[in-house]
Amino acid sequence: MINPGIKAALNPIAFQGGPFTIHWYGVIIASGVVLALLLAVREGKREGIPEDDFYDYLLWALPIAIICARIYYVVFQWSYYSQHPSEIIAIWDGGIAIYGAILGGFIVLLVFCHYCHLSSWLMMDIIAPTLIMAQGIGRWGNFMNQEAFGDITTRAHLMAQHIPSWIINQMYIGGHYRIPTFLYESLWDLTGFALLMLLRHRKHLFRRGEIFLTYVMWYAFGRFFIEGMRTDSLMLGNIRISQLLSIVFFVSALVILIIRRHKNIPWYYNGINKN
């Protein structure tokens, strides 16, 4: 007998007409990207960077980031995809890894800034707050697909956290209520966005690149603990890949921050014509 208090999951498909199917997962991620672009362009104007540079960067970075995110995911789920190769390109059903996207976008940014004679540190400072905002928004795509969740819990426990009923209902997965780790990470990311915007408005207290390094540390710190609650982590043996990368990124960003604070490195301070 079905519990009358349990409602059906939300439809992950936003629109379907003829051969075209648009998933909420894609709509939500695209919305985050567009909003991030608009905010980055606005800040770039204050720093003297032409608007077209951001559009040109996105044209290269977005497809490469998506491809890298999917490759990252498929590689660590190869035992499944090797048996279902036709599903490798089915990103509309979920299955992209944010760390893969970040690494892909970061590499493109370094190459793009080199060839356009822009400061990569300045570009990263501009993009960092908008990136973590887009990540926070994108997690709601996981919500619609009922993925990126944690261990089994109870409805009473979720209600005790003052989580809205419409979120709790969507967390009823496989016959059990699940910990909404997607929600925790979204809130962590959006809090990080507010923090980085606050730091940006006080950028006279910081040196070039430090907003980006703060982003790396903030995201990695939160992701490490949230990842530990998830049940769908990508694994390398008994190691959660995202936790391992979180440690590497956090420590690396902290070390770079400390070194650059104590070293007189010319390209740390120069204008937009230096990397």
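The structure is a predicted model. Mean pLDDT for the protein chain is 90, and 93% of the residues reach at least 70. An exception to these scores is the stretch 267–275, where pLDDT remains under 50. Where pLDDT is low, predicted coordinates should not be read in detail.

For a chain of 275 residues, a compact globule would have a radius of gyration near 19 Å; the value for the protein chain is 20 Å, so the two agree. Along the principal axes, the C-alpha atoms occupy a box of roughly 70 × 45 × 35 Å. Of the 275 residues, 43% are buried. The accessible surface amounts to about 14,700 Å², and carbon and sulfur atoms account for 68% of that area. Counting contacts between residues at least 6 apart in sequence, 73% link residues that are at least 24 apart.

The secondary structure consists of 11 helices and seven strands. Three strands make up an open sheet, ordered β3-β5-β4, with antiparallel pairing. Strands β3 (152–153) and β4 (172–173) are at the edges; each has a single partner strand, and therefore one side of each lacks a neighbour in the sheet. Strand β5 covers residues 176–178 and is joined to β3 by two bridges, the two strands running antiparallel. In this pairing, I152 lies opposite R178 of β5. In general, the strands of a sheet pair through backbone hydrogen bonds, in either a parallel or an antiparallel arrangement.

Technical notes:
Residues numbered from 1 in each chain as written. Predicted model: local features only at pLDDT ≥ 70, side-chain atom pairs only at ≥ 80, totals over all residues. Heavy atoms only, no water. pLDDT = per-residue confidence, 0-100. Contact = heavy atoms within 4.5 Å. Pairing = 2+ DSSP bridges. Helix = DSSP H or I, 4+ residues; strand = E, 2+ residues; numbered from the N terminus. Rg over C-alpha atoms; globule rule 2.2 N^0.38 Å. Buried < 20%, exposed > 50% of the residue type's maximum accessible area, 1.4 Å probe, protein only. Areas by Shrake-Rupley, 256 points an atom, 1.4 Å probe, with all protein chains shown as cover.
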